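This report describes parts of one protein model in plain terms. Please look at the sequence and the structure first.

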Amino acid sequence: DLPDEIDLVVSETISSVILGFGSWDFISSLKRKLKKSGSIMPRRGVLWGFLSATDMATRNPSNSGLSYCSQIGIDFDLYYRTFRSGGNIFNKNDVNSIVNNRELFQFLKFDFDQESTFTNFKLSIKSNVKISYLGIVFFWDVYLDRAEEPILSSRDPLLTSWYPVFIPFKERLDVEKNEILQLRLDKKSVDSPYDYAFQIFNGDETLTNILYW
């Protein structure tokens, strides 16, 4: 049980790629208990993403712990159902080299100075080339206080031990030149282990399975 008024809230929101471990359920209720003179860390952050034409996952069903299950005849789709098993990208320099030459998109942000803590975006993206995408890469920037520059970033090898993640699509996404994608990250109501999961769409087309933690 928590007191009615809290001086300081420190959360591990960043370890969950902002979205997971029930943070969406609990952070807002903690915010309501915060004293007017109180502080909360991290204070705000952004979930960035970009479409990837290559499979950037470091882990996959054949080289992770999931491979042991397949070796003894147990077949399941956990790898395609979770953010984490989708594959942490251990070589952040690979991500940085792409980021420096690629348009990034804000998929979600949180800001405890705003009335609505969490905001997720619907993106309209026009493709300049004909290309096929295999998945999406997510990473975050976090501001611990009201600073103008991010304090922590999961794509910078000098700042954090957390990694960007690659989320594979269910099927290859073929895009024509000048085609407009309508991307969104939807919160889905589920019963366990938390009250929600997520799924990525292009218009009405589901790009991923429902993604659990």
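## Strands, cores and a helix

In strand β10, Arg-184 is the bridge partner of Lys-122. The model is predicted, with pLDDT of at least 70 needed for local features and 80 or more for side-chain atom pairs, while totals for chains, interfaces and linings use all residues. Numbering starts from 1 along each chain, and side-chain values use heavy atoms, leaving out hydrogens and water.

Strands (E, at least two residues) and helices (H or I, at least four) are DSSP runs numbered from the N terminus. β6 and β10 pair in the antiparallel sense over 5 bridges; pairing requires at least two bridges found by DSSP. The table gives the side chains of β6, where buried means under 20% relative accessible area with a 1.4 Å probe, protein chains only.

| Strand | Residues on this face | State |
|---|---|---|
| β6 (residues 122-126) | Leu-123, Ile-125 | buried |

Leu-183 and Phe-107 are among the residues with the most contacts inside the largest nonpolar core, which has 39 residues. Such a core joins buried Ala, Val, Leu, Ile, Met, Phe, Trp, Tyr and Cys residues through side-chain atoms within 4.5 Å.

In helix α3 (residues 92-99), Lys-92, Val-95, Asn-96, Ile-98 and Val-99 are buried. Their directions from the axis fall within an arc of 160°, so they line one face of α3. The arc is taken from the helix axis to the C-beta atoms. These buried residues pack against β3 (44-52) and β7 (131-143).

Notes
Buried means under 20% relative accessible area, exposed over 50%, partly exposed in between (1.4 Å probe, protein chains only). Contact means heavy atoms within 4.5 Å.
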